[in-house]
Amino acid sequence: ILEDDYFFLRGGGRRPWISGGLRVKIPTASDFDCLGTGELDFGPQAAILQPIGERWFLMAEARYVVRGDPPGSDYRDTRWVSGGFQMRAGERSYVSLILEARQSAIRGRESMRDLTVAFDRRLSPAVTFRSAVFAGLSDTAEDLGLSAGFSFRSAPGP
């Protein structure tokens with residue numbers, strides 16, 4: 001997944017951080033192996049991070065995903081929304097609690113909902129380690145999950 005965000009408004013104090021961007025999922029799996037569609041997915045996204053005090057932030061994000069549609073399938077484009085709270089746990093560390101809802105790509109299927117606890121640690125001004133544990137809240141979501149990775153930025157962010 002490649003993702004780029006642009007901060008339209010850089011917050012601080014009581015002023016929010018507002019960003020927009022583009023997310024692209026490069027097809028690395030195949031429909032034949034039941035590991036993905038083998039098609040490119042992409043779409044716009046927008047987010048807001050509103051400070052509420054010195055260590056707390058209110059977060060919200062919305063995405064629209066244009067789904068790759070391999071021959072013989074009928075996937076639909078989908079909406080994702082999420083919201084939650086983030087706490088600055090130290091000079092370079094953040095802990096987040098996020099509720100996410102993702103519309104199913106299959107018509108007539110229940111939307112996927114999950115709850116995520118995330119930990120981010122800024123390793124340098126340009127590199128952040130990100131990790132998360134999530135639990136599915138709907139029958140269509142995964143039961144439990146774990147993710148970890150790094151994000152890189154060329155301009156300072158929140």
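## A side chain in a loop

The side chain of Ser124 comes within 3.2 Å of the backbone nitrogen of Val127, a polar contact (a pair of N or O atoms within 3.5 Å; within protein, one must be able to donate a hydrogen and the other to accept it, and residues adjacent in sequence count only if both atoms are side-chain atoms). Ser124 sits in the loop between β7 and β8 (127-136). Its relative accessibility is 29%, so Ser124 counts as partly exposed; buried means under 20% relative accessible area, exposed over 50%, and partly exposed in between (1.4 Å probe, protein chains only).

## Basis of the values

This is a predicted model, in which local features need pLDDT of at least 70 and side-chain atom pairs count only at pLDDT 80 or more, while totals for chains, interfaces and linings use all residues. Residues are numbered from 1 along each chain as its sequence is written, and side-chain values use heavy atoms, with hydrogens and water left out.

## The chain as a whole

The chain has 0 helices and 9 strands. Helices (H or I, at least four residues) and strands (E, at least two) are DSSP runs, numbered from the N terminus. The radius of gyration is 17 Å, close to the 15 Å that the globule rule gives for 158 residues, so the chain is as compact as a globular protein of that length. This radius is taken over C-alpha atoms, and the rule is 2.2 Å times the number of residues to the power 0.38.

The C-alpha trace spans about 50 × 30 × 25 Å along its principal axes. Of the 158 residues, 29% are buried. Contact means heavy atoms within 4.5 Å; among contacts between residues at least 6 apart in sequence, 37% join residues at least 24 apart.

## Two buried polar residues

Asp120 belongs to strand β7 (residues 112-122). With 12% relative accessibility, Asp120 counts as buried. The side chains of Asp120 and Arg130 are joined by a polar contact of 2.5 Å, and the C-alpha atoms of these two residues, 10 residues apart along the chain, are separated by 4.5 Å.

Gln103 lies in the loop between β6 and β7. Gln103 is also buried, at a relative accessible area of 13%. Beyond its neighbours within four places in sequence, Gln103 is in contact with residues including Arg76, Asp77, Ser111 and Met112.

## Nonpolar core and rings

The largest nonpolar core consists of 6 residues: Trp17, Leu49, Phe57, Met59, Tyr94 and Ile98. Such a core is a set of buried Ala, Val, Leu, Ile, Met, Phe, Trp, Tyr and Cys residues joined through side-chain atoms within 4.5 Å. Strands β4 (56-65) and β6 (93-102) each give two or more residues to this core.

There are 4 aromatic pairs in the structure. Rings of Phe, Tyr and Trp (its six-membered ring) pair if their centres lie within 6.5 Å; planes under 30 degrees apart count as stacked, over 60 as edge-to-face and the rest as tilted. The ring centres of Tyr6 and Phe8 are 5.1 Å apart and the planes stand at 75 degrees, so this pair is edge-to-face. Tyr6 and Phe8 are both exposed.

Arg102 lies over the face of Trp80, 5.6 Å from the ring centre. A charge sits over a ring if NZ of Lys or CZ of Arg is within 6 Å of the ring centre and within 35 degrees of the ring normal.
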